[in-house]
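Have your viewer open and try each one before reading on.

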Amino acid sequence: MAPSTTSALTLNINGEKHTLSVDHRTTLLDALRERLDLTGTKKGCDQGQCGACTVLIDGRRAVSCLQLAVAAEGREITTIEGVADGDRLHPVQQAFLDLDGFQCGYCTPGQICSALGVIEEHAAGWPSAATEDVRPEAGVPELTAAEIRERMSGNLCRCGAYVSIVQAVAKAARAEEEAI
């Protein structure tokens with residue numbers, strides 16, 4: 001008898017458990033969009049190069065087109081639908097809205113999820129390729145425009161809203177720091 005090519009799995013998405021049966025080759029992106037109707041996460045290149053499908057898995061950024069759904073079982077998945085607190089926008093979402101960090105909006109869900117990861121990584125003191133002093137004793141680097149551009153470089157915007165995106169991430173990071 002041939003082994004089964006499907007599995008029943010439970011995905012924890014935006015704080016809710018979803019049980020479904022999927023082919024082992026189903027990506028997390030396809031499970032989100034086609035099986036769970038969570039269409040905020042966008043399919044761009046389907047090769048992990050554009051960032052349109054960025055979600056958070058256990059608080060870390062991941063391109064969902066390269067993540068198998070079966071590998072995400074038991075992990076906390078946050079999509080753009082789970083970022084706001086009810087009708088209250090998350091500070092990152094509000095900053096994108098306030099500073100026009102989008103044009104057509106197609107890449108915006110992935111940009112926002114990536115920005116959430118960037119802000120968390122920066123606050124934890126993780127260096128980037130743009131960080132001048134990576135020694136632990138140097139502390140958390142300043143979140144400059146160059147730092148933001150480097151950290152967000154995996155997310156493409158075909159409209160070219162990069163200046164506003166960088167400003168929005170900086171504004172949201174400042175809001176996060178002030179809230180602490």
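## Exercise 1: H2 against H5

In this predicted model, H2 and H5 pack with their axes 8 Å apart, at an angle of about 140°. Work out which class of packing this is and which residues do the touching.

Solution. 
- Step 1: take the angle, about 140°. Roughly antiparallel needs an angle over 145 degrees, and the pair therefore ends up as oblique.
- Step 2: get the handedness, which is right-handed for the crossing of H2 and H5.
- Step 3: list the contacts. From H2 come Pro 91, Val 92, Ala 95, Phe 96 and Asp 98, and they meet Ile 165, Ala 168, Val 169, Lys 171, Ala 172, Ala 175 and Glu 176 of H5.

## Exercise 2: H2 against H3

Now do the H2 and H3 pair: find the crossing angle, the handedness and the classes of residue in contact.

Solution. 
- Step 1: the axes of H2 and H3 come within 10 Å, crossing at roughly 125°. That makes H2 oblique to H3.
- Step 2: the crossing of H2 and H3 is right-handed.
- Step 3: on the H2 side, pick out Val 92, Gln 93 and Phe 96; they meet Thr 108, Gln 111, Ile 112, Ala 115, Leu 116 and Ile 119 in H3.
- Step 4: by class, the contact of H2 with H3 has six nonpolar residues, three polar ones and no charged ones.

## Exercise 3: The largest nonpolar core

Solution. 
- Step 1: the core has 25 residues, and Val 92, Phe 96, Ile 148, Met 152, Ile 165 and Val 169 touch the most other members.
- Step 2: helix H2 (91-98), helix H3 (108-123) and helix H5 (162-179) each supply at least two residues of this core. H5 gives the largest share, seven residues.
- Step 3: zoom in on Val 169. Skipping neighbours within four places in sequence, Val 169 is in contact with Phe 96, Ala 115, Val 118, Ile 119, Ile 148 and Met 152.

## Exercise 4: A loop residue

Is Thr 26 buried or exposed?

Solution. 
- Step 1: locate Thr 26, in the loop between strand S2 (16-23) and helix H1 (28-35).
- Step 2: its relative accessibility is 16%, so Thr 26 counts as buried, given the cut-off of under 20%.
- Step 3: leaving aside neighbours within four places in sequence, Thr 26 is in contact with Ala 31, Leu 68 and Ala 69.

How values were computed. Residues numbered from 1 in each chain as written. Predicted model: local features only at pLDDT ≥ 70, side-chain atom pairs only at ≥ 80, totals over all residues. Heavy atoms only, no water. Core = buried A, V, L, I, M, F, W, Y, C linked by side-chain atoms within 4.5 Å. Buried < 20%, exposed > 50% of the residue type's maximum accessible area, 1.4 Å probe, protein only. Helix = DSSP H or I, 4+ residues; strand = E, 2+ residues; numbered from the N terminus. Contact = heavy atoms within 4.5 Å. Axes fitted to C-alpha atoms, helices over the stretch in contact; angles between N-to-C directions. Parallel < 35°, antiparallel > 145°, perpendicular 65-115°, else oblique. Left-handed = near helix turned anticlockwise from the far one by under 90°. Nonpolar A, V, L, I, M, F, W, Y, C, P; charged D, E, K, R; others polar.
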